[in-house]
Amino acid sequence: MRTPNFLKIPPNNPEKDLLDRCLKHDERACFEFYGRYKDKMFGMCLRYAVDHNEAQEFLQEGFIEVFRVLKNYRNEGSLEGWVRRVILNVLLQKLRSQKRANDPIQYDDDLLNHQLEDEADDADSTIEPQVLMKCIQNLPEGYRTILNLYAIEKWTHKEIAEKMDIGIGTSKSQLNRARKCLRKELEKEKQVYGRSLQERE
Amino acid sequence: MEDHYKNGNNPMDDMLSKGLGDYAQAPGDEAWAAINAGRKAGIASSNRRFLILRWAAILLLFCSAVLAAMYWRPIQHEPEEYSSSQDGIQHSKSPLKQPTSKDSTELVLESTPLPYQDESDPGKGVESFNGTNDPRPHQAPEKPGIPTRDRYIKPTRETEDAQEDLSEIAINMDIPNVQPIEPKWKSVSFPKWFAPMSSTTESFLAPHKRTFHTYAGFSYQDARLGKVNYQKLPPPDAHQPDHELYNERLVHSSRNTMGVSMGVQLANGLILETGVYQSTSTVTQIHTGRFDPKNIQKLDDKHEYDAQIRTAGGYRDCQVKLKPKQPSHNPPKPFDVALEKEETFNSIDIPLNLGYGLQYDRWMFSARAGADLSLIKQKDLSLTVSEVNSEDYDLSLSDIELSAPISASFKSVWGMHGWVSAEYRPASYLGVQASLGSSLEWRKSTSNQPQRSWRAAEIIVKWYL
């Protein structure tokens with residue numbers, strides 16, 4: 001027989017305790033909460049930002065918003081996922097307000113004349129995350145945002161189009177260009193990396 | 001193409017997802033300081049907003065309560081003079097001098113302890129003149145003055161006389177147990193902020209230091225019928241109908257009014273207001289009466305009864321046609337009948353109001369009264385038989401016919417009205433005013449039309465020019 005909800009004894013949930021204290025504006029609890037998620041969230045912000053400073057700006061505004069709307073968290077899904085969504089929304093809004101993400105992207109198509117099908121052969125999964133991050137940050141902002149949303153956040157083109165206020169076709173074409181562009185950046189990094197190895201030797 | 005490489009099927013996407021999906025890096029220490037500062041600022045802002053909303057709600061409730069109390073308070077009789085029998089002072093041997101209107105002590109004498117009473121102990125002075133002790137131990141102080149809100153005023157000859165009279169009354173009283181006389185009228189002392197408009201408007205209306213403000217506004221009123229007073233007069237044409245259906249019971253009433261108002265608000269708080277309004281009102285009433293079948297006019301397919309009812313446009317004759325369930329030429333027994341009457345009116349109203357307002361910063365509380373001229377036209381009058389207390393008739397086949405069509409002309413009616421209002425001004429050029437009030441359609445006594453009173457609520461959006 002199913003136990004009625006009101007008879008269920010709530011388990012001792014440290015996360016809930018932390019949330020409750022945060023909702024009472026306990027500064028220590030807020031700092032603890034921030035400490036739990038700051039590294040992962042900063043990693044996410046770095047992917048969307050052009051540099052460290054901008055990423056920190058995203059993180060700050062994102063966490064301020066998280067604390068502001070924390071009372072709205074309904075215990076549905078993981079708290080980390082919820083925090084991530086809030087911060088992502090904040091940074092996307094900021095990117096949109098800066099009107100950089102949707103600006104027409106000027107990129108030399110001659111550099112991107114590789115066929116998409118070839119990418120599979122050269123994709124190197126052993127690239128250091130720091131190098132990958134640097135390549136991502138070197139991408140134009142529109143490419144970077146769409147590549148992040150599609151490849152890492154697993155959004156669909158429809159969701160991206162709605163959120164970024166662009167057409168689905170634009171989202172698809174920018175994703176393709178972003179991939180090509182990233183590939184170019186990776187090649188450049190490989191050359192630099194190879195040269196530095198040679199110099200060391 | 002997209003579906004082929006959908007979300008991670010592309011090797012580059014996989015590489016990105018694996019390489020950077022869980023990428024973590026510590027931000028600088030200064031990030032927390034900024035977040036904490038932003039968090040605290042957000043809390044303060046939220047608290048401020050909450051406080052503003054809370055005070056606004058409290059103020060609104062207070063204003064509503066005051067307005068409702070003023071609106072719904074039953075008419076109070078004026079307090080009796082304190083020489084009434086309830087106080088037992090009617091035994092006094094010398095008549096009490098009635099304070100005159102120019103006597104400034106009129107309120108004070110009732111709202112403050114009597115001169116022979118010890119202010120620190122109200123009961124003390126009373127006990128000592130209960131007839132058992134020295135009857136005259138409590139002489140009035142040499143120069144007592146008259147206590148008022150503003151401390152003391154210099155006693156005049158009249159006030160001194162009044163005091164002497166009171167002392168004499170107290171001394172000669174033959175009362176075994178006199179209870180301390182409770183003040184009947186509290187002296188009204190407004191808080192400092194509730195000062196007249198001339199002094200306080202400057203804070204909010206500083207850029208517009210003018211002696212008057214004119215405004216134009218859009219008004220909407222919703223009203224319900226309060227009372228209908230029919231004249232106790234016979235119909236003007238002395239026509240005695242066979243059946244009179246004068247017992248009215250109000251079922252429903254509504255009046256919606258919209259219009260443009262304009263006014264002048266003087267710096268000393270006076271308000272002069274007028275406007276042009278258009279209103280539509282509907283009143284539904286049930287009339288009951290008794291039909292005597294001996295007065296049946298026709299006895300064919302339907303039995304026809306002549307009847308007369310009162311309407312807002314005067315007495316109206318009508319023929320009530322009732323279908324018998326079984327064809328018979330034998331009239332049935334007397335029976336009760338109920339008719340439902342629905343009247344609709346259109347009117348154009350031109351009010352002229354004079355009022356007084358007290359303003360505190362963005363709020364203004366005002367009372368206005370005035371007269372209006374209404375041009376009323378009866379738009380529609382419908383009658384239906386709602387109930388027949390007879391088993392001989394089929395109600396569903398009943399019918400009523402008016403003997404004459406309704407008049408399509410406008411009739412002028414004077415009215416009086418009063419309003420109490422609270423106004424909030426979010427900006428110096430804008431005001432939102434909510435009011436409660438009542439109005440009385442004032443008709444000549446010789447008219448056979450009823451006097452009607454309405455209870456109304458009004459909201460005006462004002463633009464200050």
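**View 1. Salt bridge between A:Arg179 and B:Asp13 in the predicted model.** A:Arg179 of chain A pairs with B:Asp13 of chain B in a salt bridge, and the closest N and O atoms of the two residues lie 2.6 Å apart. The model shown here and in the following views is predicted. Between chain B and chain A the count of salt bridges is two. Side chains of opposite charge can pair when their charged atoms come close.

**View 2. The interface of chain B and chain A.** Together, chain B and chain A bury about 3,600 Å², and carbon and sulfur atoms account for 67% of this area. Chain A contributes 47 residues to the contact, and chain B contributes 32 residues. Seven residue pairs, both members at pLDDT 80 or more, are found in polar contact across the interface. On the side of chain B that touches chain A, α1 (11-20) and α2 (30-72) of chain B each supply at least two residues. The helix that gives the most to this side is α2(B), with ten residues. Sorted by class, the side of chain B that touches chain A comprises 16 nonpolar, ten polar and six charged residues.

**View 3. Packing of helix α7 of chain A against α1(B).** Helix α7 (residues 141-152) of chain A packs with α1(B) at an angle of about 85°, and the two axes are 9 Å apart. The angle therefore makes α7(A) roughly perpendicular to α1(B). From α7(A), the contact is made by A:Leu147, A:Tyr150, A:Ala151 and A:Ile152, while α1(B) provides B:Asp13, B:Leu16, B:Ser17 and B:Leu20. The residues of this contact divide into six nonpolar, one polar and one charged. B:Asp13, which takes part in this helix contact, is also the partner of A:Arg179 in the salt bridge of the opening view.

**View 4. Salt bridge between A:Lys94 and A:Glu61 within chain A.** The side chains of A:Lys94 and A:Glu61 meet in a salt bridge with an N to O distance of 3.2 Å. A:Lys94 belongs to helix α4 (residues 79-98) of chain A and A:Glu61 to helix α3 (residues 52-68) of chain A; the pair thus links distant parts of the chain, 33 residues apart. Over all chains, the count comes to 23 salt bridges.

Notes
Residues numbered from 1 in each chain as written. Chains lettered and ligands numbered in written order. Predicted model: local features only at pLDDT ≥ 70, side-chain atom pairs only at ≥ 80, totals over all residues. Heavy atoms only, no water. Contact = heavy atoms within 4.5 Å. Buried area = accessible area lost by both parts, 1.4 Å probe. Salt bridge = Lys/Arg side-chain N within 4 Å of Asp/Glu carboxyl O. Polar contact = N/O pair within 3.5 Å; in protein donor to acceptor, adjacent residues only side chain to side chain. Helix = DSSP H or I, 4+ residues; strand = E, 2+ residues; numbered from the N terminus. Nonpolar A, V, L, I, M, F, W, Y, C, P; charged D, E, K, R; others polar. Axes fitted to C-alpha atoms, helices over the stretch in contact; angles between N-to-C directions. Parallel < 35°, antiparallel > 145°, perpendicular 65-115°, else oblique.
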